Amino acid sequence: MTENKVKKQDKTEKTRALTNTGVINFRNRLNLVLEGISGNAFAKKVGMSEAVIRDYLSGKTYPALNRLAIIAQKCDVPIEWLVTGKGECRLLPESANRGVVHIPFHHLNETNKSYSQIESIPFDITLIKHHGCNHEDLIALWAKGDSMEPTISNHDIIIINKAYNKPIDGYLYAVEYEDQISIKRIQNQGANLALLCDNSKYPAIIGDKYGAQEFNIIGLVVYLLKDFN
C-alpha cells in the first residue's frame, strides 16, 4: 500500500470516528455556547486566542481535553455534551437546543393591548453574532406611525442594540423624546445634532451637541422586521 493510500485511509477512519462519536459537530455546540457574543469576547472569557476559537468554530481543529475542560467550566456546560452532544445541557432559557434567544420588548406608553401582551421575540443567535452583539444588550420595539416611511412602517419590529448609543451620521437610532420612543436618523450639523425623519412631511429635531439634550439616544437599530399586513 502506497504512502498516499495509507494517509487517505487514516483520514477516512478519523472522519468516521469523529462522525460516529458526534465530535464532528463540536463547532455547532460551540456556536451555541457563545450565546451571541463575538469570537473575540468569547476567547477572552475562556483565556484562549481568537485565532484558536476561530479554528474551532470553522471545524478546522478540535480542542485538546484540557481546553475542553476549561470551556465547559467557564461556560457552565457538561463536558460530555460539549464533546459528543449527549446528555442534557443548560444554555439559554426555553430555547437552548434551537440556537435562539428571546429579545424582550420595550413597552413605553404602549396603548395597543394586543401588542403590549407580547413580552419577547425569538431571534437567531447566528444573526446576533454576525453583528458582534451581546443578546443581553438587545431590546425589541414596535414601530409607531409613519415618520420613518418608507424605511419603517407602522407595527414593524425593530431590534435595538443598547450598547451602541454614540451617534454616527446616517445611522438609525431609537430615541426617547417627550416620554415616547421613536426611530430617527442621526446627522451631525456642526455644533448641533439633528434627528431626521425619512418622511419629509415631519420636521427634524435639533439639539445642541455639547449642551443638555431634550432627547436620549437608547441604541442603534441593528435589525428591522417588516410587517406586510
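These are my notebook entries on one chain, taken from a predicted model.

**Entry 1: the whole chain**

I counted elements to get started. The chain holds 8 helices and 9 strands. I then looked up burial. Of the 229 residues, 37% are buried. Next came the surface. The accessible area is about 13500 Å², and carbon and sulfur atoms account for 51% of that. I also checked contacts between residues at least 6 apart in sequence. Among these, 54% join residues at least 24 apart.

**Entry 2: the sheet**

I traced the strand order. An open sheet of 7 strands runs S3-S4-S9-S5-S6-S7-S8, with antiparallel pairing. Which strands stand at the edges? I found S3 (138-142) and S8 (205-208) there. Each has a single partner strand, so one side of each lacks a neighbour in the sheet. From one strand to the next, the twist averages 45°.

S6 (residues 180-189) and S7 (residues 192-196) are antiparallel and share 5 bridges. Within this pair I located Ile186, which stands opposite Leu195 in S7.

**Entry 3: helix H3**

I moved on to H3, residues 39-46. Which of its residues are buried? I listed Gly39, Phe42, Ala43 and Val46. I then looked down the helix axis. The buried residues fall within an arc of 105°, so they line one face of H3.

What covers the buried residues of H3? The cover includes helix H2 (26-33), helix H4 (50-58) and helix H5 (65-75). Last, I checked what comes after the helix. Gly47 follows H3, and its phi is positive, near 75°.

How values were computed: Residues numbered from 1 in each chain as written. Predicted model: local features only at pLDDT ≥ 70, side-chain atom pairs only at ≥ 80, totals over all residues. Heavy atoms only, no water. Helix = DSSP H or I, 4+ residues; strand = E, 2+ residues; numbered from the N terminus. Buried < 20%, exposed > 50% of the residue type's maximum accessible area, 1.4 Å probe, protein only. Contact = heavy atoms within 4.5 Å. Areas by Shrake-Rupley, 256 points an atom, 1.4 Å probe, with all protein chains shown as cover. Pairing = 2+ DSSP bridges. Axes fitted to C-alpha atoms, helices over the stretch in contact; angles between N-to-C directions. Arc of directions from axis to C-beta.
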